[in-house]
Amino acid sequence: MAAVDHLLVLTVYQCHGACAEVDSDTEAVAGKGFKLGCISCKRRSEVESSSTIEWYFRPKGESDFVHIYTYKEDNPTIKNEQFLDRVDWNGSKRSSDIQDASIYLFNVTFNDSGTYRCFFNRILYYDNYEHNTVVSKVVHLTVVAKATRGTASIVSEVMMYVSIIGLQVWLLIEMIYCYRKISAAGEEALREAANAEYLAIASESKDNCAGVQVGE
């Protein structure tokens with residue numbers, strides 16, 4: 001029983017610590033909100049760590065990055081006036097062991113187009129020492145007046161319609177097959193019933209003939 005409990009705890013821990021590095025979307029619509037995704041998974045989830053997150057922005061056409069945002073232990077700080085009251089933390093909650101450092105931009109403008117860099121300044125705590133690592137992610141953001149459909153979206157929709165049509169064709173074939181099978185079974189049952197009735201009539205006629213002969 002103890003072994004089972006240990007396995008359950010291990011399974012829950014692994015599920016809780018699951019992490020997948022998904023790329024951020026790169027197209028925002030002016031006047032709407034947008035999530036800048038930034039995920040960095042630890043290679044060893046069992047090792048405790050703490051992270052400080054730094055976001056930098058390079059406007060389109062510019063050569064230098066500016067510091068726009070810092071986050072550490074539920075303490076966010078906006079570093080640039082352009083993003084004042086427009087940035088909200090959208091990453092890991094209630095934990096210094098940050099693997100999701102996404103932020104949310106409110107009321108996106110065309111001036112927000114450009115390149116964003118997210119830095120994980122992470123400290124890994126081992127038994128006898130600490131190890132510092134720095135991981136960075138890049139997001140190239142384009143701001144448009146109206147949302148456009150990406151290739152992936154179009155392909156997904158086409159595949160959905162193909163799947164629906166294929167399913168309908170398969171159901172039609174199954175219905176025809178079942179109808180033919182039921183029809184054949186019905187005809188066979190009718191033939192068997194007709195043969196049984198014929199044999200019964202023949203047997204009755206034979207018995208009647210035998211009775212007449214005995215009477216004579």
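Guide: Two strands are said to pair if DSSP finds at least two bridges between them, and helices (H or I, at least four residues) and strands (E, at least two) are DSSP runs numbered from the N terminus. This is a predicted model, in which local features need pLDDT of at least 70 and side-chain atom pairs count only at pLDDT 80 or more, while totals for chains, interfaces and linings use all residues. Residues are numbered from 1 along each chain as its sequence is written, and side-chain values use heavy atoms, with hydrogens and water left out.

Visitor: Which residue in β9 does Val29 stand opposite?

Guide: Strand β9 covers residues 130-144 and pairs with β1 in the parallel sense, over three bridges. Within β9, the residue opposite Val29 is Val144.

Visitor: What pattern does the protein chain follow when read along the sequence?

Guide: The secondary structure of the protein chain amounts to two helices and nine strands. Read along the sequence, these elements give the pattern α-β-β-β-β-β-β-β-β-β-α.

Visitor: Why is one side of β1 and of β5 left without a neighbour in the sheet?

Guide: The strands concerned belong to an open sheet of six, with mixed pairing, in the order β1-β9-β8-β3-β4-β5. Because β1 (27-29) and β5 (75-78) stand at the edges of this sheet, one side of each has no neighbour, and each is left with a single partner strand.

Visitor: Which residue in the turn of the β4 and β5 hairpin has a positive phi?

Guide: Strand β4 (residues 66-72) runs antiparallel to β5, and four bridges join them; Lys72 stands opposite Asn75 in β5. The hairpin that β4 and β5 form has two residues between the strands, and the one in the turn with a positive phi, of about 50°, is Glu73.

Visitor: In the open sheet of three strands, which are the edge strands?

Guide: This sheet has antiparallel pairing and the order β2-β7-β6; β6 and β7 are joined over three bridges, and the bridge partner of Val87 in β7 is Leu105.

Visitor: How many residues apart are Lys137 and Glu21?

Guide: A salt bridge is a side-chain nitrogen of Lys or Arg within 4 Å of a carboxyl oxygen of Asp or Glu, and a search of the whole structure finds three. One of them joins the side chains of Lys137 and Glu21 at 2.8 Å, N to O. Lys137 lies in strand β9 and Glu21 in the loop between α1 (2-16) and β1, so that, with elements taken as DSSP runs, the pair links distant parts of the chain, and the separation is 116 residues.

Visitor: Is Asp112 buried or exposed?

Guide: Buried means under 20% relative accessible area, exposed over 50%, and partly exposed in between (1.4 Å probe, protein chains only). The side chains of Arg86 and Asp112 meet in a salt bridge at 2.4 Å, N to O, and Arg86, at 13% relative accessibility, counts as buried. With a relative accessible area of 0%, Asp112 is buried.

Visitor: Which element gives the largest share of the lining of the second largest pocket?

Guide: On a 1 Å grid over the protein atoms alone, a pocket is an open set of points with protein on both sides within 12 Å along at least five of seven lines, and lining residues have an atom within 4 Å of a point. The second largest pocket is lined by 14 residues, of which Lys42, Arg43, Arg122, Leu124 and Thr133 lie nearest its centre. The elements that give two or more residues to this lining are β8 and β9, and the largest share, four residues, comes from β9.

Methods. On a 1 Å grid over the protein atoms alone, a cavity is a set of points where a 1.4 Å probe fits but cannot get out, and a pocket is an open set with protein on both sides within 12 Å along at least five of seven lines; lining residues have an atom within 4 Å of a point.
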